[in-house]
Amino acid sequence: MTNPSAVVSDAQSAITMAITAAVNTSSHYSPSVPNSPCNITMFSRNKFPKSIETAVSATGNHPGLGKNIAWVDVMRASSPTRNSSEDSENKKHWIMKHPSALGVFEEIMSAAKMKQIVIFLDYDGTLSPIVANPDQAYMDPKMREAVKNVAKYFPTAIVSGRCRAKVYNFVRLSELYYAGSHGMDIKGPSSRKHQKGNQNVLCQPAKEFLPMMAEVYEILMEKIKDIDGANVENNKFCLSVHYRCVDEHSWSDLFKRVESVLNDYPNLKLTQGRMVLEIRPTIKWDKGNAIEFLLESLGYANSKDIVPIYIGDDRTDEDAFKVLRKRGQGFGILVSKTPKETEAVYSLQEPFEVMHFLQRLVSWKRSILRSYQQL
Ligand SMILES: O=P(O)(O)OC[C@H]1O[C@H](O[C@H]2O[C@H](CO)[C@@H](O)[C@H](O)[C@H]2O)[C@H](O)[C@@H](O)[C@@H]1O
């Protein structure tokens, strides 16, 4: 049984992916045994699991009844970290591949010296710690101060799975760009204090889905209301079905109910985040598209002299990391304590380190400005 008040380790995500890969018959894994976390196949050195998106695409938009077991296995990945020597070997190897952005700070900044840095920040698990109640994922005031200072020197955007209004209420900095609902709802800063590029940005590529999302939200609420701890969060252009506080024995039931609703909506798809099932329109628009859109709005679409930095902790952030790799500009930083397959170049362990990184970025910029003033 899950402990509703416990903050679940990031190790779960790695295990989740391992299970998914197993379910998808990746050659690196043998199948996991349902109900037995100890039998989950642990990946060995150099054999990190494939992305969870593989499970989504393999099962189509709707997982289908026959695939229920795969999804429930994915949901079930909630065993505590195993501290075997193989795990620590994996970690060492992973850290060499994705060094700490704090450890190599000077090196990465020297490459950014004469260029325009643009900052993209995920919210949950990046700026705020993961907590059991999504309505209480508050940001530390020191983190807010760090983000505020960063935005004084660099165009800064929050890119979140939450709806824009909700993430704004947590962050409360009007000088930022906000991309809510996994990038499907983008708006420029309301404060004009720091004019950068086009601030009158508004992009809602899934607008026509709004009535459908509202309808499905009501249906889902009704459908799952008697499952203890289950909760549907209305993120406007996507819906999040939280199961962090649901007894593990009810996960299969919860999944089946969500699936039965989705069967009537072929234009919606199901993806998975950290202890959350996410229902979204099938349009091809994700956090990666959102950062492309924002860079274009800022006037940097074809600029060679920019360094976009994206910091995020979840599978949905991988779309943004991929875009940066493809552009060959800037880099992604994955926030994770445990090894995960990622397109990010660097890593940070937790939101506290993210804050430290942002503070160092500000100090670095200030020292550069000071040195110019002394010339
Ligand atoms: O893109 P993000 O800003 O990271 O948003 C992704 C989802 O984050 C939230 O859920 C996650 O954080 C909760 C609070 O710590 C936690 O209780 C939950 O288990 C996590 O999945 C948010 O509530 C979702 O709507 C977002 O889609």
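Leaving aside neighbours within four places in sequence, which residues is Ser240 in contact with? The first legend answers this for the predicted model shown above.

View 1. Ser240 is found in strand S7, residues 239-242. Leaving aside neighbours within four places in sequence, Ser240 is in contact with Asn231, Val232, Glu233, Asn235, Val276, Leu277 and Glu278. Two of these partners also make polar contacts with Ser240 through side chains. Another, of 2.8 Å, joins the side chains of Ser240 and Glu278. Is Ser240 buried or exposed? Ser240 counts as buried because its relative accessibility is 2%, and buried means under 20%.

View 2. Arg244 places a polar side-chain atom 2.7 Å from an oxygen atom of the ligand. Arg274 uses its backbone instead. A backbone N or O atom of Arg274 lies 2.4 Å from an oxygen atom of the ligand. How much of the ligand does the protein bury? Taken alone, the ligand exposes 570 Å², and the protein buries 99% of that.

View 3. Helix H10 spans residues 287-297. Its buried residues are Lys287, Gly288, Ala290, Ile291, Leu294, Leu295 and Ser297. Which elements do the buried residues of H10 pack against? They pack against strands S1 (116-121), S2 (156-159), S3 (177-180), S4 (185-187) and S10, and against helix H11 (318-327). At the start of H10, a side-chain oxygen of Asp286 reaches to within 2.8 Å of the backbone nitrogen of Gly288. Just after H10, Gly299 takes a positive phi of about 85°.

**View 4. The open sheet of eight strands.** The strands run in the order S5-S4-S3-S2-S1-S10-S11-S12, with mixed pairing. Which strands form the edges? Strand S5 (202-203) and strand S12 (346-348) do, and each pairs on one side only. Strands of a sheet pair through backbone hydrogen bonds, either parallel or antiparallel. Strand S10 (residues 306-312) and strand S11 (residues 331-335) pair in the parallel sense, over four bridges. Gly312 stands opposite Leu334 in S11.

**View 5. Two nonpolar cores.** The largest nonpolar core has 57 residues. Phe120, Leu220, Leu277 and Ile279 have the most contacts inside it. Helix H9 (residues 251-262) gives the most to this core, with six residues. Apart from it lies another core, of 43 residues, among them Met143, Phe331, Leu358 and Val362. What surrounds Ile279? Leaving aside neighbours within four places in sequence, Ile279 is in contact with Met213, Leu220, Cys238, Leu239, Val241, Val258, Leu262, Leu268, Lys269 and Leu270.

**View 6. Asn149 in helix H6.** Asn149 lies in helix H6, residues 141-153. Not counting residues up to four places away in sequence, Asn149 touches Val362 and Arg366. Val362 belongs to the core of 43 residues. Asn149 has a relative accessible area of 13%, so Asn149 is buried.

**View 7. Two loop residues with positive phi.** Most residues other than glycine have a negative phi. Arg172 has a phi near 50°, a positive value. Its place is in the loop between helix H7 (164-171) and S3. His182 has a phi near 55°, also positive. His182 lies in the loop between S3 and S4. At 2% relative accessibility, His182 counts as buried.

**View 8. The whole chain, for context.** How many helices and strands does the protein chain have? There are 12 helices and 12 strands. Buried residues make up 55% of the 375 residues in the chain. Among contacts between residues at least 6 apart in sequence, 66% join residues at least 24 apart. The accessible surface of the chain comes to about 16,300 Å². Carbon and sulfur atoms account for 52% of that surface.

Conventions: Residues are numbered from 1 along each chain as its sequence is written. This is a predicted model: local features need pLDDT of at least 70, side-chain atom pairs count only at pLDDT 80 or more; totals for chains, interfaces and linings use all residues. Side-chain values use heavy atoms; hydrogens and water are left out. A nonpolar core is a set of buried Ala, Val, Leu, Ile, Met, Phe, Trp, Tyr and Cys residues joined through side-chain atoms within 4.5 Å. Buried means under 20% relative accessible area, exposed over 50%, partly exposed in between (1.4 Å probe, protein chains only). Contact means heavy atoms within 4.5 Å. Accessible areas come from the Shrake-Rupley method with a 1.4 Å probe; for residues, only the protein chains shown count as cover. Two strands pair if DSSP finds at least two bridges between them. A polar contact is a pair of N or O atoms within 3.5 Å; within protein, one must be able to donate a hydrogen and the other to accept it, and residues adjacent in sequence count only if both atoms are side-chain atoms.
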